[in-house]
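Have the structure open as you read.

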Amino acid sequence: MEKVKVEIKWAMIFLLASLLWMYIEKLSGLHSTHIDQHLYWTNLFAIIAITVYVFALRDKKKSDYNGQMTYLQGLKSGVIISIIVAIFSPLTQWITATIITPEYFPNIIEYSVEQGYYGSVEDAQAYFNLESYMVQSAVGALMMGIVTSAIVAVFVRSKSKG
């Protein structure tokens, strides 16, 4: 457990940041009155996600590797963070859907049918539901986390002196 202390810390920071982001989206009306803009604004979370990974890998480099970290060490650390985030993503989706913004699914279902993205309420409900979002969040967290880790590790690794 001591070997992954930094990863656990930063995974928890990531999860808290994602919950805070959902609360901000709700407060700004992106889950209700401005749901038509949700698709665009929600992608800004990528900036926060990347920033968290940068700070996480820099922390790992300093704390566990005395300032000298290889690309593979950084990648491994990022993948561990991604796995932890993926494991807890269904819980954060449940918190989001039941506590932070329970009106999101009914609103997005209504909006997507009105816009013609789905032919019926039933079709929209098949996609916009808690179970679907739990799976999407876990898979997405793992995939995007690994990609982000692979890129961030390039910039955070120690440069060779040769």
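## Helix H5 and its neighbours

This is a predicted model. H5 itself covers residues 104-114, and its buried residues are Tyr104, Phe105, Ile108, Ile109, Tyr111 and Ser112. After H5 comes Gly116, which has a positive phi, near 85°.

## Where H3 crosses H7

Now turn to helix H3 (residues 45-64), whose axis comes within 9 Å of that of H7, with a crossing angle of roughly 55°.

On the H3 side, the contact involves Ile50, Tyr53, Val54, Leu57, Arg58 and Lys61; on the H7 side, it involves Gly145, Thr148, Ser149, Val152, Ala153 and Val156. Sorted by type, the residues of this contact are seven nonpolar, three polar and two charged.

## Two nonpolar cores

The largest nonpolar core has 25 residues, and those touching the most other members are Trp10, Phe14, Phe45, Leu57, Ile81 and Val85. Helix H1 (5-27), H3, H4 and H7 each give two or more residues to this core, with H1 giving the most, nine residues.

Leaving aside residues up to four places away in sequence, Phe45 touches Phe14, Ala17, Ser18 and Trp21. Another core, of 10 residues, lies apart from the largest one; its members include Ile35, Ile109, Tyr111 and Ala124.

Note on methods: Residues numbered from 1 in each chain as written. Predicted model: local features only at pLDDT ≥ 70, side-chain atom pairs only at ≥ 80, totals over all residues. Heavy atoms only, no water. Buried < 20%, exposed > 50% of the residue type's maximum accessible area, 1.4 Å probe, protein only. Helix = DSSP H or I, 4+ residues; strand = E, 2+ residues; numbered from the N terminus. Axes fitted to C-alpha atoms, helices over the stretch in contact; angles between N-to-C directions. Contact = heavy atoms within 4.5 Å. Nonpolar A, V, L, I, M, F, W, Y, C, P; charged D, E, K, R; others polar. Core = buried A, V, L, I, M, F, W, Y, C linked by side-chain atoms within 4.5 Å.
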